[in-house]
Amino acid sequence: MQRTMEHWEQVAVKDSEGRWEALGENGWFTMLAWAAGPDNVRKTLHSDAGRTVRQTLVADGLETRSFEPFTEEDRAAVEESINSYIGTAGMPPRPPGFAWHLRVPAGWAGERSVADELSAQILREQRDEPVPAELWPLIVRIVTAFYSENGS
């Protein structure tokens, strides 16, 4: 039986056991992690050191592209975006400083990553463009069924 998440501190730091898939940094993937529960999610320390962002400037019809350092303001904007999104579904803010990972079930031989498979299943059943709170029950149902069917 899959345990549900009550707070982010329940998630253990990832060790070398098992197969884990890194999740992207957005509210959608954060909701998948919350739905998967602490048995199916791990975290690792994350740093933005050395990270860059692509900047495009358009002036007088000329487009200039460059890579700039990822700043603390950039990090704050990412965290605010994620926490705002998941907050509308009733989840507490995700603590910063970590990368989040979904467990890959033993024997998983799907053609896609676990996150892509879950996302495809959710999108197939999603109606309209629901807000996160309306999408949440569908995410929980699909993620729970996935880990039940593939060994949790």
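Visitor: In what order do the elements of the chain run from the N terminus on?

Guide: Helices (H or I, at least four residues) and strands (E, at least two) are DSSP runs, numbered from the N terminus. Here the order is β-β-α-β-β-β-α-β-α-α, which gives the chain four helices and six strands. The model is predicted, so local features need pLDDT of at least 70 and side-chain atom pairs count only at pLDDT 80 or more, while totals for chains, interfaces and linings use all residues. Residues are numbered from 1 along each chain as its sequence is written, and side-chain values use heavy atoms, with hydrogens and water left out.

Visitor: What box do the C-alpha atoms of the chain fill, and what percentage of the residues is buried?

Guide: Along the principal axes, the box is roughly 60 × 40 × 30 Å. A residue is buried under 20% relative accessible area, exposed over 50%, and partly exposed in between (1.4 Å probe, protein chains only). Of the 152 residues in the chain, 40% are buried.

Visitor: How should I read the pairing of strands, and which strands form the open sheet?

Guide: Strands of a sheet pair through backbone hydrogen bonds, either parallel or antiparallel. Two strands are taken as paired if DSSP finds at least two bridges between them. The open sheet has four strands in the order β1-β3-β6-β2, with mixed pairing. At its edges stand β1 and β2 (19-22), each with a single partner strand, so one side of each has no neighbour in the sheet.

Visitor: How many bridges join β3 to β1, and how many join β3 to β6?

Guide: Strand β1 (residues 12-13) runs parallel to β3 and is joined to it by two bridges; V13 stands opposite K43 there. Strand β6 (residues 98-104) runs antiparallel to β3, with five bridges between them, and F98 of β6 stands opposite L45.

Visitor: Which strand is joined to β5 by eight bridges?

Guide: That strand is β4 (residues 52-59), and the two run antiparallel. L62 in β5 is the bridge partner of A59. Together β4 and β5 form a hairpin with two residues between them.

Visitor: What is the phi of D60, and where is D60 found?

Guide: Most residues other than glycine have a negative phi, and most peptide bonds are trans. D60 has a positive phi near 55 degrees, in a residue other than glycine. Its place is the loop between β4 and β5. With a relative accessible area of 80%, D60 is exposed.

Visitor: How do I read a helix crossing, and at what angle do α1 and α2 cross?

Guide: Axes are lines fitted to C-alpha atoms, for helices over the stretch in contact, and angles run from 0 to 180 degrees between N-to-C directions. Angles under 35 degrees count as roughly parallel, over 145 as roughly antiparallel, 65 to 115 as roughly perpendicular, and the rest as oblique. The axes of helix α1 (residues 27-36) and helix α2 (residues 72-87) cross at roughly 55 degrees and come within 9 Å. α1 is therefore oblique to α2.

Visitor: Which residues of α1 and α2 meet?

Guide: Contact means heavy atoms within 4.5 Å. From α1 there are G27, W28, T30 and M31, which meet I82, Y85 and I86 in α2. Ala, Val, Leu, Ile, Met, Phe, Trp, Tyr, Cys and Pro count as nonpolar, Asp, Glu, Lys and Arg as charged, and the others, Gly among them, as polar. The contact of α1 with α2 has five nonpolar, two polar and no charged residues.

Visitor: At what angle do α1 and α3 pack?

Guide: α1 and helix α3 (residues 114-125) pack at about 100 degrees, with axes 11 Å apart. The two helices are therefore roughly perpendicular to each other. W28, F29 and L32 of α1 make the contact with A115, L118, S119, I122 and L123 of α3. By class, these residues divide into seven nonpolar, one polar and no charged.
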